[in-house]
Amino acid sequence: MENGSEIRSIIEELCLTVRVTPSNSDQQEDVSSQDHKTPSSTGAPPIPANAAHDQDYISTKHFLRACNLLLLLTLDKVGTSMLVLRQDVHQNIERLEMFLESDPSRFGNVVEILKKEATERSARKVSSCTRALIWLTRSLDFAVALLDKLVKDQGGQSMKQAVEESYNILLKPWHGWISSAAYRVALKLVPERKTFFINLLVADQDQKDSSDLLTQEIKSLTAVLLPLLDQIHSILMKFNCHKLKTT
């Protein structure tokens, strides 16, 4: 990527996830529009024009794009040890993409997908989009915690330690014994910390400058992503599906 790491693209996509305003013509409105100002007192995202009475809005399209960029990027850089998790992430993204394509105007808001499955009482099914959203959100929790931990503890923890701590806090509580066993195998193949960061660095740029830029961008990513994740977790709690586990 020119003039920045791949993290920059993720940050831009995440901003669109909460700021984009849908319209009948499916065009984006300027976030400075007088009709959709962000309340300065709360920092809340603008309310979609076709959902004036619904404060919960997450752009399905941009959320999935951010998942594609961040989760698959992070897992690819970790290496083949995360192949199983990568496949799960990819399948969950595809499941939500198919649902979105079935009715883009309606399901452009993730909340509408949750509402539909809650009404049909299908949210707890193994193949539900609700479960897909839950696991993508948890995977984002894991990815941002791992990146943040590596940046804040420069040269301290090993990559294996950082992955294990992030996993134990954010994914293990929701995994059954089969998933936990698969993770324990994957942990043995995690690359060295230095190798991971070299893989993330910007090509054709001085390594120190690139490293400094990467550190800044990861911090920016955390600042953008954490409020979004808090919002999604809050929405999942409203639908009483935030505690679903896997096998």
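Apart from neighbours within four places in sequence, Thr 60 contacts Leu 100, Phe 107, Gly 108, Asn 109, Val 110 and Ile 113. The model is a predicted one, and its chain of 247 residues contains 10 helices and 0 strands. The largest pocket has a volume of about 740 Å³. Confidence averages a pLDDT of 76 over the chain.

**Thr 60**

- Thr 60 belongs to helix α2, which covers residues 60–78.
- Thr 60 has a relative accessible area of 1%; it is therefore classed as buried, a term applied under 20%.
- Among the contacts of Thr 60 is Leu 100, and helix α3 spans 83–102.
- Val 110 and Ile 113 are also among the contacts of Thr 60, and helix α5 comprises residues 110–119.

**Largest pocket**

- The lining of the largest pocket consists of 32 residues.
- Val 84, Leu 85, Asp 88, His 175 and Ser 179 are the lining residues that lie nearest the centre of this pocket.
- Helices α3 (83–102), α6 (129–152) and α8 (177–187) each contribute at least two residues to the lining.
- Helix α3 gives the most to the lining of the largest pocket, namely 8 residues.
- Sorted by class, the lining comprises 18 nonpolar, 10 polar and 4 charged residues.

**Chain architecture and surface**

- Read from the N terminus, the order of elements is α-α-α-α-α-α-α-α-α-α.
- Of the contacts between residues at least 6 apart in sequence, 74% link residues at least 24 apart.
- Buried residues account for 46% of the 247 residues in the chain.
- The chain has an accessible surface of about 13,300 Å², and carbon and sulfur atoms hold 51% of that surface.

**Confidence**

- A pLDDT of 70 or more is reached by 76% of the residues in the chain, whose mean is 76.
- Helix α5 (residues 110–119) has the highest confidence, at 95, whereas helix α1 (residues 6–19) has the lowest, at a mean of 72.
- Residues 20–53 have a pLDDT below 50, and this stretch makes 39 contacts in the model beyond near neighbours in sequence.

Terms used
Residues numbered from 1 in each chain as written. Predicted model: local features only at pLDDT ≥ 70, side-chain atom pairs only at ≥ 80, totals over all residues. Heavy atoms only, no water. Helix = DSSP H or I, 4+ residues; strand = E, 2+ residues; numbered from the N terminus. Buried < 20%, exposed > 50% of the residue type's maximum accessible area, 1.4 Å probe, protein only. Contact = heavy atoms within 4.5 Å. 1 Å grid on protein atoms, 1.4 Å probe; cavity = no way out; pocket = protein on both sides within 12 Å on 5 of 7 lines; lining within 4 Å. Points joined across faces, edges and corners; volume = space filled by probe spheres on them. Nonpolar A, V, L, I, M, F, W, Y, C, P; charged D, E, K, R; others polar. pLDDT = per-residue confidence, 0-100. Areas by Shrake-Rupley, 256 points an atom, 1.4 Å probe, with all protein chains shown as cover.
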